Amino acid sequence: MSFIRVALDVPLPTLFDYRAAAATRDDIGARVLVPFGKTIAVGVIIELASTTSLPPPRVRSVLSILRDVPPLPVDILGLLKFCSDYYHHPLGEVVLNALPTRLRRRQALKDEKAIRYRLTGTGLAVDAETLPRRATIKLELLRLLRATEAGIDEATLRAIAPRATAALKTMAGHGWIERVAVARAPPGDGASALRVVPGPALTDEQRAAVDTLRRAGTGFTPWLLHGVTGSGKTEVYLQLVADTLARGKQAMLLVPEINLTPQLEALVRARFPGTLLVPLHSGLNESERLHNWLAAQSGAAGIVLGTRLAVFTPLPRLGLIVVDEEQDVSFKQTDGLRYSARDLALWRAKQRAISIVLGSATPALETFHKALNGSYQMLALTRRVNAMLPVIECIDTRREPLIDGMSQALLNALRITMKRGEQSLVFINRRGFAPVLMCPSCGWTSGCGRCSAKLVLHLKDQRLRCHHCGHQERIPTACPQCGNQDLKPLGQGTQRVESALARIFPAARILRIDRDSTRRKHAWHEMRRQIHAQEVDILVGTQILAKGHDFPQLNLVGVVNADSSLYSTDFRASERLFARLTQVAGRAGRGASRGRVLIQTEFPAHALYQALRRDDYPAFAKELLAERKQAGFPPFIYQAVLRAEASRLETALDFLKHAAREGAKIEGAVMIYDPVPAGMPRRAGLERAQLTVQSRSRPALHAFLGTWHVGLDRAAGRKVRWALDVDPLEL
Ligand code: ADP
Ligand code: ZN
Ligand code: ZN
């Protein structure tokens with residue numbers, strides 16, 4: 001063969017031909033350096049070819065084939081091709097996007113070593129009892145190092161605590177810990193070292209779920225593990241991981257966000273001390289990500305624990321995929337290649353003929369629908385492991401005056417909870433002090449000049465901030481429109497609730513947890529420690545707090561301002577609200593006493609709150625599905641959205657109108673809507689519009705998109721930026 005076809009990171013739907021007489025079949029999937037225009041680019045060999053359609057003088061020669069790491073395996077190339085076809089995104093961008101950044105650079109890798117820390121013989125002999133009890137970090141390090149023979153790397157060390165590095169230095173000074181440089185990706189088959197530390201005895205429901213999964217054996221089966229909050233889904237996953245490792249296979253666990261739940265990583269590590277677990281998420285630096293990726297690709301890592309980007313990781317012995325909190329929108333990328341990691345994980349499981357388990361207390365309706373119609377197998381965990389589900393009540397706010405957004409009933413409950421020495425959480429899904437600043441005399445409100453959004457009042461740092469484009473400005477001393485000096489904050493944010501609570505309960509220890517207060521590195525780690533050490537009475541927080549945390553002393557959850565999404569124009573709003581409230585409510589009463597959840601609402605009779613109170617997701621989901629079917633929404637139809645941005649709205653709309661006319665010429669059962677301004681019509685100085693297309697048949701939609709998107713680039717010209725969003729989660 002004399003030519004290679006190369007994927008390059010350019011927004012063109014083609015491969016590029018180069019002369020490469022030395023390339024062999026084994027080089028498919030390998031990185032290459034090629035001349036591209038006036039520069040040198042890194043690409044990936046997708047095919048070998050004996051001919052090219054280019055005229056001979058235009059074919060350039062490859063500069064070098066990089067053989068520093070093994071090529072991308074065939075199954076990953078297949079996944080990437082599928083991804084490119086399905087999302088109608090250029091293959092080159094898809095392929096290069098799937099590589100760790102370090103492999104997208106022109107320099108070949110040197111034989112870099114990775115640093116790991118291990119206990120020495122002296123360290124192993126240390127009696128933890130002799131350490132002071134306050135030395136929590138040293139104790140944790142000791143415990144973790146004892147549990148993992150392979151040692152821990154820098155990233156894991158940093159995840160333990162801000163002071164872990166210092167603690168490690170001290171311990172190394174005592175001769176307890178050694179620093180070893182290991183080969184980047186030691187080959188190996190995790191199985192030989194398999195050790196499983198027994199977990200708790202399973203509950204009957206967990207046992208039944210595990211037995212069913214085992215009986216089904218291997219082969220492609222998608223499972224929905226529908227388990228209420230606190231029902232112990234993680235233990236079920238861990239049993240399956242143990243089985244997978246015992247068969248000499250690798251397991252991939254996908255989670256929405258790792259940074260927020262480092263305890264999951266610690267739990268999995270401790271359960272399989274002989275197995276190399278590699279995390280893969282955007283919080284790693286380049287070299288860590290590369291190292292972990294290579295350990296997965298070489299087979300040395302038995303477990304990959306990652307966020308959505310991990311779905312592209314090469315795993316030669318992949319035997320199981322778990323997607324936890326499968327409904328979470330963070331599995332869908334919202335810019336560039338708009339893929340759904342959950343959906344790609346399903347495809348991958350099918351391609352490799354293995355089981356995949358989707359876990360959730362409130363599955364996405366798409367998933368639940370498939371479980372109901374038998375495409376997925378359903379397993380249910382209906383009870384909490386060692387606690388009762390919390391009691392959920394609604395507080396009718398039409399009858400009660402509110403104090404900074406909080407009712408007397410909620411305040412009383414907070415007081416009682418505090419008296420009992422238990423913790424409470426006040427949940428409000430808006431950071432800042434107030435969502436908007438307003439002039440009562442002329443009606444002026446603080447708007448963002450670059451977006452169709454209000455500027456949020458942040459009193460702590462005396463700023464008005466746009467949560468969409470990052471714009472910020474000083475708080476005006478007078479109304480810019482009429483000069484009135486008495487501007488009023490409208491509505492509530494976390495800061496306002498926090499200061500109101502501080503005023504009402506001067507003795508309470510209050511902790512605010514939102515994106516602002518956790519921005520500082522390690523801040524969240526310290527906050528979690530405070531909560532567990534019972535140094536906090538009332539938590540005030542956004543949905544950061546809702547996800548997967550176990551706070552045993554937390555018994556009361558109050559929800560402020562839940563109604564706003566009840567009557568949203570987005571047809572997914574109720575589904576999301578139900579999921580979010582279930583998650584928040586799920587934080588209450590995980591310890592000894594039964595939890596209580598108070599939801600403030602003007603619509604206590606609303607079906608959503610009624611279903612929530614009965615903890616009846618299936619009934620609510622069936623109702624929503626019936627509505628969706630009636631209205632012709634997903635999952636009963638398939639959608640794609642063409643999004644356009646331009647400096648003038650007319651320009652964006654004209655492009656979409658043109659696209660709609662071109663689309664109308666294409667045969668097929670596809671419905672094309674009228675172009676409309678986007679839900680948020682202006683963002684960061686650009687006007688945005690969109691055009692929805694849909695069909696009852698997925699193949700029909702994709703055939704249509706395949707033809708349609710080809711001409712769009714030319715039509716867009718330089719003035720319009722456009723993107724196709726397949727299976728959009730936001731309209
Ligand atoms: P979920 O993810 O379903 O909300 P978790 O997996 O977080 O629930 O489990 C909830 C709590 O119950 C955790 O603290 C976990 O350690 C504990 N747990 C799970 N299974 C068991 C079991 N079989 N016996 C005792 N405790 C368990
Ligand atoms: Zn005014
Ligand atoms: Zn803005």
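How many bridges join strand β1 (residues 3-8) to β4? Six bridges join β1 to β4, and the two strands run antiparallel.

This is a predicted model, in which local features need pLDDT of at least 70 and side-chain atom pairs count only at pLDDT 80 or more, while totals for chains, interfaces and linings use all residues. Residues are numbered from 1 along each chain as its sequence is written, chains are lettered from A and ligands numbered from 1 in the order in which they are written, and side-chain values use heavy atoms, with hydrogens and water left out.

**View 1. An open sheet of six strands with mixed pairing.** The strand order is β5-β2-β1-β4-β3-β6. Strands are DSSP runs of E with at least two residues, helices are runs of H or I with at least four, and both are numbered from the N terminus. Two strands pair if DSSP finds at least two bridges between them. β5 (60-61) and β6 (64-66) stand at the edges with a single partner strand each, so one side of each has no neighbour in the sheet. β1 pairs with strand β2 (residues 16-19) in the antiparallel sense over four bridges, and F3 stands opposite R19 in β2.

**View 2. Strand β4 (residues 39-49) and its partners β1 and β3.** Eight of the eleven residues of β4 are buried (buried: under 20% relative accessible area; exposed: over 50%; partly exposed: in between; 1.4 Å probe, protein chains only). Strand β3 (residues 31-36) runs antiparallel to β4 and is joined to it by six bridges. G43 in β4 stands opposite L8, and G43 is also the bridge partner of V32. The hairpin of β3 and β4 has two residues between the strands, and G37 takes a positive phi near 60° there.

**View 3. The site of the zinc ion (ligand 3), with four cysteine SG donors.** C448, C451, C466 and C469 each provide SG, at 2.3 to 2.4 Å from the ion. Donors are N, O and S atoms within 2.8 Å of the metal (3.2 Å for Na, K and Ca); water is not among the atoms, so sites may look incomplete. The four donor atoms subtend angles of 105 to 113°, which makes the arrangement tetrahedral (four donors with all angles between 85 and 135 degrees). The ideal angle for four tetrahedral donors is 109.5 degrees. The donor spacing in sequence is C-x2-C-x14-C-x2-C. C448 and C451 are both buried.

**View 4. The site of the zinc ion (ligand 2), coordinated by C439, C442, C479 and C482.** The SG atoms of these residues lie at 2.2 to 2.4 Å. Angles of 104 to 113° between the four donor atoms make this arrangement tetrahedral. The donor residues are spaced C-x2-C-x36-C-x2-C. C442, in the loop between β19 (436-438) and β20 (456-458), and C482, in the loop between β22 (472-474) and β23 (488-490), are 40 residues apart, and the pair links distant parts of the chain. C442 is partly exposed, with a relative accessible area of 33%, and C482 is partly exposed at 39%.

View 5. A nitrogen atom of ligand 1 is 2.8 Å from an N or O atom in the side chain of Q206. An oxygen atom of ligand 1 is 3.1 Å from a polar backbone atom of G232, and an oxygen atom of ligand 1 is 3.2 Å from an N or O atom in the side chain of R590. Taken alone, ligand 1 exposes 560 Å², of which the protein buries 72% (Shrake-Rupley method, 1.4 Å probe).

Definitions and conventions:
Tetrahedral: all angles 85-135°; square planar, octahedral: opposite > 155°, others 65-115°. Polar contact = N/O pair within 3.5 Å; in protein donor to acceptor, adjacent residues only side chain to side chain.
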